[in-house]
Amino acid sequence: YGLKHQLDKMLGEGLENRYARHARLNAMVHEWVKKHGFEFFAPEGFRSKGLTCVKNNKESFDVGAFVSLLKKRHNLAIDGGYGKIKGKTFRISNMGDETDGTIAELIAALDDTMSAM
């Protein structure tokens, strides 16, 4: 039932529309990454349209503190890396049912959290 529900939503939106939405939302996240001077973990041509892995290229930026403060201030969770890249990356998702509005809210929360650090 869950699979059928999700497929019905996808097909109702239209696959081309869904792909375009994910690309548009991904571009919003990528603009945020560039605005704040971060780098992308994956090289151009190997990046997902549904998830952005951000490389922490700032020596003084504490990924763990950023993730924790985002959760505390805005009740939002992003991944702070895992294994060998824990603390060296963080991941921002724009897949699934995200919209221009929800990604704009996330970006505003990321900005607020950055300014509070």
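The model is predicted, so local features are given where pLDDT is at least 70 and side-chain atom pairs where pLDDT is 80 or more, while totals for chains, interfaces and linings use all residues. Residues are numbered from 1 along each chain as its sequence is written, and side-chain values use heavy atoms, with hydrogens and water left out.

The protein chain contains four helices and three strands; these are DSSP runs, with helices (H or I) of at least four residues and strands (E) of at least two, numbered from the N terminus. Along the sequence their order is α-α-β-β-α-β-α. Taken along the principal axes, the C-alpha atoms fill a box of roughly 45 × 30 × 25 Å. Of the 117 residues in the protein chain, 32% are buried. Here buried stands for under 20% relative accessible area, exposed for over 50%, and partly exposed for values in between, with a 1.4 Å probe and protein chains only.

Attention now turns to charged side chains. Side chains of opposite charge can pair when their charged atoms come close. A salt bridge is counted where a side-chain nitrogen of Lys or Arg lies within 4 Å of a carboxyl oxygen of Asp or Glu. The whole structure holds 12 salt bridges. One of them joins the side chains of Asp-97 and Lys-9, at 2.6 Å from N to O. This pair links distant parts of the chain, since Asp-97 belongs to the loop between β3 and α4 and Lys-9 to helix α1, 88 residues apart. Asp-97 is partly exposed because its relative accessible area is 43%, and Lys-9 is also classed as partly exposed, at 31%.

A further salt bridge connects Arg-21 with Glu-13, whose closest N and O atoms are 2.7 Å apart. Is Arg-21 buried or exposed? With a relative accessible area of 9%, Arg-21 is buried, whereas Glu-13, at 25%, counts as partly exposed. Both residues belong to a network of salt bridges that links Lys-9, Glu-13, Arg-18, Arg-21 and Asp-97. Elsewhere, Arg-47 and Glu-44 meet through their side chains in a salt bridge of 3.0 Å, N to O. Glu-44 is exposed because its relative accessibility is 65%, while Arg-47, at 28%, is partly exposed.

The surface also carries a nonpolar patch, formed by Leu-3, Leu-7, Leu-11, Leu-15 and Tyr-19, with about 520 Å² of accessible area together. Patch residues have over 30% relative accessible area and no salt bridge; like charges are joined within 9 Å, and nonpolar side chains (Val, Leu, Ile, Met, Phe, Trp, Tyr) within 5 Å. Accessible areas come from the Shrake-Rupley method with a 1.4 Å probe, and for residues only the protein chains shown count as cover. Helices α1 (2–13) and α2 (15–35) each supply at least two residues of the patch, and α1 gives the most, with three. Leu-7 is placed in helix α1 and, at 38% relative accessibility, is partly exposed.

Strand β3 (89–93) and helix α4 (100–116) each supply at least two lining residues, and α4 gives the most, with four.
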